[in-house]
Amino acid sequence: MSRLYSEMSEHEINQEIREMTEKARKAEQLGIVNEVAVYQRKIMMAKSYLLDPADYKPDEVYELEGDPGSRFKISYMNGIFAWGYRNESDEMEAFPISMLIKF
């Protein structure tokens with residue numbers, strides 16, 4: 001049975017990231033695009049547990065990994081997720097903090 005990232009040590013999370021990175025690499029070699037995307041999302045989630053959510057504050061603006069030139073303004077934090085608005089959108093979105101890149 002797998003454990004939650006919140007229950008793992010930093011070492012265990014890093015090991016999990018290495019394993020998922022290898023699985024993603026193999027899936028990419030086999031051309032299984034959707035599986036690669038799933039592993040990439042899981043890696044982002046795991047990396048978020050290695051960061052401190054307290055370092056991310058409302059009204060701060062970040063770029064989003066994988067979306068160059070984007071601007072994401074945090075409205076509030078909920079665990080490892082930053083909730084806010086991308087660019088000038090009226091639609092609130094949530095992203096794991098590992099996807100946020102400081103300008």
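**Notes on the predicted model**

1. Tyr56 and Tyr62 are both buried. The model is a predicted one, and that holds for every point below.

2. Searching the whole structure gives four aromatic pairs. One of them joins Tyr56 and Tyr62: the ring centres are 5.6 Å apart and the planes stand at 40°, so this pair is tilted. The angle falls in the tilted class because stacked requires planes under 30 degrees apart and edge-to-face requires over 60.

3. Tyr76 and Trp83 make a stacked aromatic pair, with 6.0 Å from centre to centre and 0° between the planes. The distance is inside the cut-off, since ring centres have to lie within 6.5 Å to pair.

4. Are Tyr76 and Trp83 buried, exposed or partly exposed? Tyr76 has a relative accessibility of 36% and therefore counts as partly exposed. Trp83, with a relative accessible area of 27%, is also partly exposed. Buried would need a value under 20%, and exposed one over 50%.

5. Phe103 has a charge over its ring: the charged end of Arg71 sits there, 4.8 Å from the ring centre.

6. Strand 3 covers residues 81-86 and strand 4 covers residues 92-96; the two pair in the antiparallel sense over five bridges. Within this pairing, Gly84 has Glu93 of strand 4 as its bridge partner.

7. Which residue in the hairpin of strand 3 and strand 4 takes a positive phi? It is Asn87, with phi near 50°, and the hairpin has five residues between the strands.

Notes. Residues are numbered from 1 along each chain as its sequence is written. This is a predicted model: local features need pLDDT of at least 70, side-chain atom pairs count only at pLDDT 80 or more; totals for chains, interfaces and linings use all residues. Side-chain values use heavy atoms; hydrogens and water are left out. Two strands pair if DSSP finds at least two bridges between them. Helices (H or I, at least four residues) and strands (E, at least two) are DSSP runs, numbered from the N terminus. Buried means under 20% relative accessible area, exposed over 50%, partly exposed in between (1.4 Å probe, protein chains only). A charge sits over a ring if NZ of Lys or CZ of Arg is within 6 Å of the ring centre and within 35 degrees of the ring normal.
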